[in-house]
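Here are a few questions and answers about a protein model, meant for reading beside the structure itself.

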Amino acid sequence: MKALVTGASSGIGRDIARALVCRGWDVILVARRADRLLELKKELGKHASCVRCDVSHYDECVKLHEVLQNQDIEMLVNCAGFGQCGFFTETSLEKEMEMIDTNIRAVHILTKLFLQDFMLKNKGYILNVASVAGFFSGPLMATYYATKNYVVSMTGAIYEELKRRGSNVKISALCPGPVDTEFNKVAHVKFSSAPIDSKTAAIQALDGVMQGKLYIIPTVKMKALKFSKRLLPDKTITHFCYKFQKKKR
């Protein structure tokens with residue numbers, strides 16, 4: 001069994017790769033930072049190989065699929081992504097475009113291309129790493145929340161399409177709350193509530209996708225947060241999201 005993991009150089013992606021190897025999978029590690037990929041490959045040994053790729057570029061996503069199409073990949077993990085915090089009028093437009101390319105376009109391209117391969121074989125798993133933010137609007141992190149909304153919505157739609165077609169291919173979205181990774185450092189925010197560790201998130205993610213779950217939401221607190229959408233008006237929830245994000249700054 002072989003899995004492709006983007007964003008494998010750190011955080012959840014790195015720990016998903018580790019967990020896969022522990023479960024007997026071979027992994028293809030994909031990220032921009034070649035030095036970190038090589039460190040992880042050294043740790044995982046013969047069960048890992050590396051491909052340096054910047055998935056924020058369309059051509060590199062397409063090339064990645066072309067190169068690996070005949071590798072008999074059975075799982076795709078779309079984990080590459082980052083965030084940015086600040087008022088929408090003040091954050092970097094250039095950084096936001098890069099975020100959209102990484103968090104949305106790369107996930108869209110790779111999901112489509114590898115799903116077409118999986119459909120032909122009638123087997124395979126796709127795990128899209130989203131966030132509980134994908135169920136809400138996020139003042140002070142407007143673009144990030146919107147990108148995760150896209151991933152959550154697209155994954156849900158594909159899940160239903162696969163079910164309607166009787167396919168054995170499984171697709172899931174991991175939707176955690178705060179996770180102890182480099183994310184906050186990159187986004188220039190700090191935790192406003194206790195995070196879970198990325199190893200825990202990785203284990204729950206793999207358990208969930210193997211079980212065919214659509215949304216994998218670690219911790220009771222985050223499940224309750226998602227459930228709140230059924231009870232409160234959208235404007236009220238967005239107000240609370242602003243309060244939550246403000247504490248991070």
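This is a predicted model: local features need pLDDT of at least 70, side-chain atom pairs count only at pLDDT 80 or more; totals for chains, interfaces and linings use all residues.

User: Is Met119 buried, partly exposed or exposed?
Analyst: Buried means under 20% relative accessible area, exposed over 50%, and partly exposed in between (1.4 Å probe, protein chains only). Met119 has a relative accessible area of 25%, so Met119 is partly exposed.

User: Which residues does Met119 contact, leaving aside its neighbours within four places in sequence?
Analyst: Contact means heavy atoms within 4.5 Å. With those neighbours set aside, the partners of Met119 are Leu162, Arg165, Ser167 and Val169.

User: In which helix does Met119 lie?
Analyst: Helices are DSSP runs (H or I, at least four residues), numbered from the N terminus. Met119 belongs to the one covering residues 93-121, helix α4.

User: How far apart are the C-alpha atoms of Met119 and Leu4?
Analyst: Along the chain, Met119 and Leu4 are 115 residues apart. Their C-alpha atoms are separated by 17 Å.

User: Which element gives the most to the lining of the second largest cavity?
Analyst: A cavity is a set of points on a 1 Å grid over the protein atoms alone where a 1.4 Å probe fits but cannot get out, and lining residues have an atom within 4 Å of a point. The lining includes Thr102, Ala106, Val107 and Leu110. With four residues, the top contributor is α4.

Conventions:
Residues are numbered from 1 along each chain as its sequence is written. Side-chain values use heavy atoms; hydrogens and water are left out. Helices (H or I, at least four residues) and strands (E, at least two) are DSSP runs, numbered from the N terminus. On a 1 Å grid over the protein atoms alone, a cavity is a set of points where a 1.4 Å probe fits but cannot get out, and a pocket is an open set with protein on both sides within 12 Å along at least five of seven lines; lining residues have an atom within 4 Å of a point.
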